Amino acid sequence: MLRAERLAAQRGGVTLFANVEFALDCGEALIVTGANGSGKTTLLRIVAGLTQPHSGQLSWRGESIAAFDRSVRAAALYIGHAAALKDDFTAEENLLSLAALHGPAPDRVAAANALREWSLDHHHDIPARVLSQGQRRRIALARMNLARRRLWVLDEPATALDASGVATLEKRVNAHLAAQGVAVIATHKPLALVGTMRRLEL
Amino acid sequence: MAATLEITDETRESSAWRGFAWSMTRDLKLAIRSKAELGVQLLFYVIVVTLFPLAVGAEPLLLRTLGPGVLWVAALLASLLSLSRIFAADFADGSLEQLALSPQPLPALISGKIAAHWMSTGFPLVAASPLLGAQFGLTADEGWLLALGLLIGTPTLSLLGAIGAALTLGLRAGGGLLALLILPLYVPILIFGAGSIEAARAGLGASAQLSLLTAALLATLVGAPLAAAAAVRIALD
Amino acid sequence: MSSIAWFRLASPASFFPLARRLVPWFSAGAAVLAVAGLWLGLLVAPTDAQQGDAYRIIFIHVPAAWMSMFIYVVMAFWCAVSLTFNTRLAAMLAQALAPTGAMFTVLALVTGAMWGKPAWGTYWAWDARMTSELILLFLYFGYMALRNAIDDPRRADRASAVLALVGAINVPIIYFSVKWWNTLHQGASVSLTSAPTMAATMLSGMLIMAFAAWFYAIAVALLRVQAIIVEREKNFRWSGELLRWVR
């Protein structure tokens with residue numbers, strides 16, 4: 001499904017990584033690890049389609065793709081470092097808004113279930129600005145419950161999460177992989193994931 | 001609850017209209033909630049307009065001559081003031097990335113943002129302009145002409161300004177750079193807008209200027225979102 | 001040339017030696033043409049009946065104005081190429097041309113003012129062409145300022161390319177609107193098209209000066225692009241090339 005050949009990236013003239021290769025099939029996940037500044041975020045942004053690699057080829061479902069490619073925009077769910085939350089919206093509104101941006105309007109029941117699973121149901125009508133970092137990350141990750149996308153690109157999803165948050169994250173990703181989804185995850189913390197894992201150290 | 005929604009691989013037809021509606025309603029909701037920025041542009045407009053009689057004296061004939069120009073230039077400056085923020089908040093919290101990655105066409109999403117921006121900043125100027133025009137001795141007819149010109153012109157200013165705002169996203173250079181980039185593009189709007197009142201005063205009728213302003217608006221409606229979308233993608237790269 | 005050769009040339013590192021070889025030719029050509037043009041303009045062309053010898057400044061003013069607009073068009077062309085083919089060299093060429101274009105614009109404005117005083121009694125008459133020229137200067141400055149403000153060279157390339165194209169599309173509109181504005185507000189047109197009726201020698205003098213300016217612009221741009229290439233292509237092994245260049 002997702003294949004990378006001789007990917008290389010530069011930032012300001014400095015080569016971050018070169019000759020990165022991997023191939024992922026349905027139900028497989030790529031775990032990307034590496035020191036700070038090694039280019040994990042850049043690699044994930046390339047996979048999600050935000051950045052063009054300096055050289056090399058990325059292909060999705062057999063077709064080579066460039067940045068902002070239509071097929072990737074329809075297939076990928078990208079949750080980056082920035083949570084993409086509006087401070088003035090409540091958790092529920094943020095969730096519904098982002099889901100509506102990326103697909104058909106989700107129903108509120110599904111959103112409420114998602115918030116409950118991520119332990120946010122008591123905070124569902126408070127503006128996001130007063131929530132803690134961990135709670136904001138939970139809202140961002142709750143998008144996984146509502147997304148029906150094949151490719152998940154998660155950049156350090158476990159940041160600021162407590163143990164129960166990490167457990168919910170693992171549960172969600174495992175369910176996605178079991179449903180034949182594909183995931184590319186950059187992480188510092190080890191995640192207990194089930195299924196075929198490919199590892200990439202930058 | 002380990003059940004996950006079924007993955008769907010069909011690429012749905014992306015809809016420009018849905019994208020436009022989504023971003024316009026979202027931005028309007030946010031503008032109303034934050035309340036901080038509502039009315040600031042209008043206040044700025046009124047203050048700048050008031051500065052001119054203080055600077056050149058309140059002699060009625062002078063004010064009448066200067067009036068259309070002052071009211072148009074102040075509208076340009078007020079528009080510039082708010083434009084740098086049109087993408088800034090979304091850029092900072094990561095929402096702009098999500099917009100660029102969504103299946104909806106980015107130009108449509110940006111058009112929605114610009115529409116919301118104009119409604120909260122440009123439209124109040126249009127509404128206030130006849131009143132301010134009266135301060136400069138504009139007749140009632142001229143006041144309506146001013147409002148009509150601004151009604152057609154200020155959306156064009158917002159559209160052009162969005163290109164500049166997208167190009168300068170996240171740069172330290174800030175507002176001054178945006179002004180340098182955008183003001184030359186504003187010159188035709190200014191000339192035809194202020195010129196419409198001059199022409200009416202000279203008895204020539206303002207239809208030529210208003211038609212040109214409308215043509216400029218239509219051309220910008222098509223072109224500016226595309227250019228701004230390209231600039232946003234470049235800034236996100 | 002076959003298409004393969006063109007693409008090889010599109011790499012900044014391969015273009016560098018070519019640029020170096022061409023500079024002396026264009027500089028020499030510019031010098032020769034300038035001497036010829038000035039000889040025609042200052043010595044051969046007849047004294048104008050109305051304006052005396054002061055009009056001779058048009059032999060610098062008009063070519064400078066032509067070049068200021070021509071360079072903007074060429075710059076916009078290279079920007080379009082750089083966006084379409086995603087090449088660095090085209091963007092570098094545009095980057096190299098901009099300061100020269102701005103210089104010609106300033107030259108046109110200054111010589112226009114110098115001409116205005118003896119001819120019409122005022123340094124700046126807000127006529128359509130000079131006002132448009134002033135706005136063109138702002139467009140050049142905007143391009144250079146935007147490049148300067150962006151740290152990442154590739155983002156700077158692409159953002160300033162978008163800006164240059166938006167500017168290029170607007171230049172005719174701006175010119176048209178300023179012309180219209182001028183006819184509405186000024187009675188007597190002090191436009192510089194009301195120059196002395198062209199004797200043949202005057203026209204050829206201006207054309208030769210225009211070519212001299214063109215060759216000069218190419219020489220300077222090629223020189224500047226070499227510096228840009230060296231500065232930006234840090235990964236290329238410059239040892240051989242650079243030593244020869246420095247010596």
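In helix α4 (residues 108-117) of chain A, the buried residues are A:Ala111, A:Ala114 and A:Leu115. Because they span an arc of only 95° around the axis, they lie on the same side of α4(A). The arc is taken over the directions from the helix axis to the C-beta atoms. A residue is buried if 20 or more other C-beta atoms lie within 10 Å of its own, exposed if 12 or fewer, and partly exposed in between, with C-beta atoms placed from the backbone. As a general rule, an α-helix has 3.6 residues a turn, so residues three or four places apart point the same way.

The model is predicted: local features need pLDDT of at least 70, side-chain atom pairs count only at pLDDT 80 or more, and totals for chains, interfaces and linings use all residues. Residues are numbered from 1 along each chain as its sequence is written, while chains are lettered from A and ligands numbered from 1 in the order in which they are written. Helices (H or I, at least four residues) and strands (E, at least two) are DSSP runs, numbered from the N terminus.

The buried residues of α4(A) pack against α3 (91-102) and α5 (133-146) of chain A. After α4(A) comes A:Ser119, which has a positive phi near 60°.

The contact takes 35 residues from chain A and 28 residues from chain B, where two residues are in contact if their C-beta atoms, placed from the backbone, lie within 7 Å. On the side of chain A that touches chain B, two or more residues each come from α2 (70-75), β6 (76-79), α3, α4 and α6 (163-178) of chain A. The largest share of that side, five residues, is supplied by α3(A). By class, the side of chain A that touches chain B holds 16 nonpolar, eleven polar and eight charged residues. Here Ala, Val, Leu, Ile, Met, Phe, Trp, Tyr, Cys and Pro count as nonpolar, Asp, Glu, Lys and Arg as charged, and the others, Gly among them, as polar.

Chain A also contains an open sheet of four strands in the order β2-β1-β4-β5, with antiparallel pairing; two strands pair if DSSP finds at least two bridges between them. Its edge strands, β2 (14-24) and β5 (63-64) of chain A, each pair on one side only. Strand β1 (residues 2-11) of chain A joins β2(A) in the antiparallel sense over seven bridges, and A:Ala9 has A:Phe17 of β2(A) as its bridge partner. Helix α1 (residues 40-48) of chain A lies across β1, β2 and β4 (55-60) of chain A, at about 130° to β1(A). Axes are lines fitted to C-alpha atoms, for helices over the stretch in contact, and angles run from 0 to 180 degrees between N-to-C directions.

Chain C has eight helices and zero strands, and 41% of its 247 residues count as buried.
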